[in-house]
Amino acid sequence: MDQRTEIDLKESAASLTMHGFGRLLSTKSKAMRCIWLLLMLFFVSLVILTVTPTVRGYFKSPSLTKQETVMVSKLLFPSVTICGPSLCKEKVKKYAKEHNITLKTNRNGRIENIHEVVMHSPSLEPFAPNISKVISSNVAFEKILVAYRGYCYKLNPNGTFIQHQAGPDFSLQVFLDLDVSNSISLSTLHAGDSVEVIIQDHRQLPSLDTGTVLAPVGHLTQIEIHKTEIQRLKPPYPSKCTNGENMELLFKGEYTISNCELSCFLRKVAQKCTNIHFLYNYLLPKEMKMPIAKTVEERNCRNRILKDLQKTLFASCNCGLPCRETKFRKYSSQSKWPSTEYIDEYKEMVGRLRSINGSKETEDYIRNNLIAVNVFFGEKQYKKVTEMPMYTAERFVGEIGGQMGIWLGASIFSLLELVYLLAQFVGVSLRKKEKKVTDLEESGAK
């Protein structure tokens, strides 16, 4: 190594911003070089120990949850679906007579073979709607099919109703005529003198698994709701959410777990069974319609599939969490309705709809058949829960750079300087080796 090259290397080493490496390469004393080498090895080891968890965490894609309260000037209302778990007695009797079906009635007047009657029907239309009439509502509504419940009324189907102030005075109101004396309950859990209220985002299908509120006749049911919006991350993050891409969903609307599981269940029934329960057949699209199961043996196929899916928690359906989800917490209260001071107002309303003679008969009909439901936001705000990556690319680079800066005084430029210096040393070493080989060859020739 000539003197000029050695001077250049020393100057390059001394100018390194990573001063430890500079000292190691420029110090002449062997003892000091050993000390600097030990110090450099110690701090490099420390950097490796502190950076390793960060690197592992970054590639494991962890996430964290941010929760915030969002104040709003107006509240966009969800859809409210109301289902009556009963059928119209007159329509059932008429249908049974037309099709020569004998109705079996028990001591309480309940038709014991109601399911047999319904199963023979090619559609639910002879028995729909379950609710006799929506008397009054301050929002639009439509009649829809709901899984396990048949026909229901969906209020605010397009999500256009807005509540400008919180509280019951600005509620979504509906009055229902259930006509209890002309109803046959399909449920063994309660009589046909109440309705079920389902509250969900208007972009989602009504689903009973979100929880229902029972609203009985002769009562005002107040339902206070509180909204929570949830945003999740797609794979590789832990929640592994999905928007239903590449899934064969049978029902329109935003992806939900219940939508996915019901679609999965019905497809498996269509593949493995020759018959299907009448309540499910009405949910199938036209191209998938199946014969109605009329015997216990035919219904057992569907029961086995449902039981197997429930055992594995529908794991084979691959129904992941939705990336976007809106939930509503519900708090309900009930009171006798209408109050004495307002009864005359409702008598006039009912009198226009029905031919009821006498004030007492009208009042009895209201208290035994009419239902009032008020749904409202309890506060002018909502919770927003957002899943976020714990490590972004910027944070990942920043954390590694911070550790290297603290323990080694390193930066991108100093690393480039070190690479350049090492390249110089390699180049000089190679030239020195070539010179030795040349000198040996020359001495050998002589």
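How do the residues of the lining of the second largest pocket divide into nonpolar, polar and charged? The views below take up this pocket and other parts of a predicted model.

**View 1. The second largest pocket is lined by 16 residues.** The lining divides into 5 nonpolar, 6 polar and 5 charged residues. The pocket has a volume of about 330 Å³. Nearest its centre lie Gln200, Asp209, Thr210, Glu325 and Lys327. Three elements, β11 (194-200), α6 and β14 (324-336), each supply at least two lining residues. Strand β14 provides the largest share, with 6 residues.

**View 2. The largest pocket holds about 750 Å³ of space.** Its lining counts 31 residues, and Ala147, Leu205, Pro206, Phe251 and Leu262 are the closest to the centre. By class, 18 lining residues are nonpolar, 7 are polar and 6 are charged. At least two residues come from each of β6 (141-146), α6 (257-272) and α8 (296-311). Helix α6 gives the most, with 5 residues.

**View 3. Five strands form an open sheet in the order β6-β7-β3-β11-β12.** The pairing is antiparallel. Strands β6 and β12 (213-216) are at the edges; each has a single partner strand, so one side of each lacks a neighbour in the sheet. On average, neighbouring strands are turned by 30° against each other, direction ignored. Inside the sheet, β3 (residues 79-83) pairs with β11 in the antiparallel sense over 5 bridges. Cys83 stands opposite Glu196 of β11.

**View 4. Cys83 and Cys152 are joined by a disulfide.** The S to S distance is 2.0 Å. The torsion about the S-S bond is about 110°, so this disulfide is right-handed. Cys83 lies in strand β3 and Cys152 in strand β7 (residues 150-155), so the pair ties together parts that are 69 residues apart in sequence. Both Cys83 and Cys152 are buried.

**View 5. Cys260 and Cys319 are joined by a disulfide.** Their sulfur atoms are 2.0 Å apart. The S-S torsion is about -80°, so the link is left-handed. Cys260 belongs to helix α6 and Cys319 to the loop between α8 and β14, so the pair ties together parts that are 59 residues apart in sequence. Why do Cys260 and Cys319 count as buried? Buried means under 20% relative accessible area. Cys260 has a relative accessible area of 4%, so Cys260 is buried. Cys319 has 17%, so Cys319 is buried too.

**View 6. Cys264 and Cys317 form a disulfide.** The sulfur atoms lie 2.0 Å apart. The angle about the S-S bond is -70°, and the link is left-handed. This pair also links distant parts of the chain: Cys264 sits in helix α6, Cys317 in the loop between α8 and β14, 53 residues apart. Both Cys264 and Cys317 are buried.

**View 7. The protein has 5 disulfides.** With bonded cysteines counted along the chain, the pattern is 1-2, 3-10, 4-9, 5-8, 6-7. Among the disulfides are Cys83 to Cys152, Cys260 to Cys319 and Cys264 to Cys317. Cys34 is partly exposed, with a relative accessible area of 47%.

Terms used
Residues are numbered from 1 along each chain as its sequence is written. This is a predicted model: local features need pLDDT of at least 70, side-chain atom pairs count only at pLDDT 80 or more; totals for chains, interfaces and linings use all residues. Side-chain values use heavy atoms; hydrogens and water are left out. On a 1 Å grid over the protein atoms alone, a cavity is a set of points where a 1.4 Å probe fits but cannot get out, and a pocket is an open set with protein on both sides within 12 Å along at least five of seven lines; lining residues have an atom within 4 Å of a point. Grid points are joined across faces, edges and corners, and a volume is the space filled by probe spheres set on the points. Helices (H or I, at least four residues) and strands (E, at least two) are DSSP runs, numbered from the N terminus. Ala, Val, Leu, Ile, Met, Phe, Trp, Tyr, Cys and Pro count as nonpolar, Asp, Glu, Lys and Arg as charged, and the others, Gly among them, as polar. Two strands pair if DSSP finds at least two bridges between them. Axes are lines fitted to C-alpha atoms, for helices over the stretch in contact, and angles run from 0 to 180 degrees between N-to-C directions. A disulfide is a pair of cysteine sulfur atoms within 2.5 Å. Buried means under 20% relative accessible area, exposed over 50%, partly exposed in between (1.4 Å probe, protein chains only).
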